[in-house]
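Dear colleague,

Please find the structure below, with its sequence.

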Amino acid sequence: MNISYNWLKDYLDFDLQPAEVADALTSIGLETGGVEEVQMIKGGLEGLVIGEVLTCEAHPNSDHLHVTTVNVGGGEPLQIVCGAPNVAAGQKVVVAVNGTKLYDGDKEFVIKRSKLRGVESNGMICAEDEIGIGTDHSGIIVLPSDAVVGTPAKEYYNVKSDFVLEVDITPGRCYFSFWRGSRFGCLFETEWKAL
């Protein structure tokens with residue numbers, strides 16, 4: 001039987017980490033086979049931040065690339081080469097900084113400092129499909145002007161991870177599947193949250 005850690009937290013007030021919940025269940029005879037993290041979006045948008053395009057110039061060696069400077073909320077602005085047709089100065093955008101892992105299905109790639117047609121690029125301004133929040137690849141994501149520079153994208157999009165507790169129903173413990181949250185409340189010495 002799989003139990004969502006976040007689901008338990010929605011109904012009960014406790015401060016245990018997922019592994020501690022698993023240990024507590026095991027201690028009362030409900031063996032927990034494992035705890036697995038489940039992400040709403042693969043990678044959880046780690047390493048992505050909200051940025052603001054400060055400048056946008058035509059690339060000297062390309063008819064479709066742009067050389068931008070982007071404020072990501074810390075230190076010097078980043079120079080990023082971007083091929084999206086809709087990039088412009090003044091936009092709030094989603095930026096993958098160097099070291100960020102992005103996913104294309106099961107393939108993982110890491111954003112690294114590189115040179116694109118002779119111009120250094122230190123990150124990537126992202127489209128929806130590149131970060132897993134949609135399928136549009138016609139251009140970069142342009143956020144509302146009130147988006148706060150430096151905010152992690154996972155906070156901006158309210159992306160959270162969950163943990164699935166795999167509880168093994170052993171012989172003689174089948175009644176567990178009929179337990180209510182109050183049983184968990186007793187285990188964690190807490191009461192139901194007011195909904």
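In these notes a residue is called buried under 20% relative accessible area, exposed over 50%, and partly exposed in between, with a 1.4 Å probe and protein chains only. The model is predicted, so local features need pLDDT of at least 70 and side-chain atom pairs count only at pLDDT 80 or more, while totals for chains, interfaces and linings use all residues. Residues are numbered from 1 along each chain as its sequence is written, and side-chain values use heavy atoms, with hydrogens and water left out.

Salt bridges

A salt bridge here is a side-chain nitrogen of Lys or Arg within 4 Å of a carboxyl oxygen of Asp or Glu. By this rule there are 3 salt bridges. Helices (H or I, at least four residues) and strands (E, at least two) are DSSP runs, numbered from the N terminus.

D106 and K42 form a salt bridge, with 3.8 Å from N to O. This pair links distant parts of the chain, 64 residues apart: D106 lies in the loop between β7 (101-104) and β8 (107-110), and K42 in the loop between β2 (32-39) and β3 (48-58). D106 is exposed, at 77% relative accessible area, and K42 is partly exposed, at 44%.

E46 and K154 form another, and their closest N and O atoms are 2.6 Å apart. Distant parts of the chain are linked here too: E46 is in the loop between β2 and β3, K154 is in helix α4 (residues 153-156), and 108 residues separate them. Both are partly exposed, E46 with a relative accessible area of 45% and K154 with 29%.

R113 and E120 are also joined by a salt bridge, at 4.0 Å from N to O. R113 counts as exposed, at 58% relative accessibility, whereas E120 is partly exposed, at 30%.

Strand β5 and its partner

Two strands pair if DSSP finds at least two bridges between them. Strand β4 (residues 66-71) runs antiparallel to β5, and 5 bridges join them. H66 stands opposite C82 in β5. The two strands form a hairpin with 6 residues between them, and G73 in the turn has a positive phi of about 95 degrees. Because 4 of its 5 residues are buried, β5 is largely enclosed by the rest of the structure.

L78 is in strand β5. Apart from neighbours within four places in sequence, L78 is in contact (heavy atoms within 4.5 Å) with T68, T69, V70, V72, V97 and N122. L78 and M124 are 46 residues apart in sequence, and their C-alpha atoms are 9.7 Å apart in space.

The largest pocket

The largest share, 3 residues, comes from β5. By class, the lining has 13 nonpolar residues (Ala, Val, Leu, Ile, Met, Phe, Trp, Tyr, Cys and Pro), 2 charged (Asp, Glu, Lys and Arg) and 7 polar (the others, Gly among them).

With kind regards
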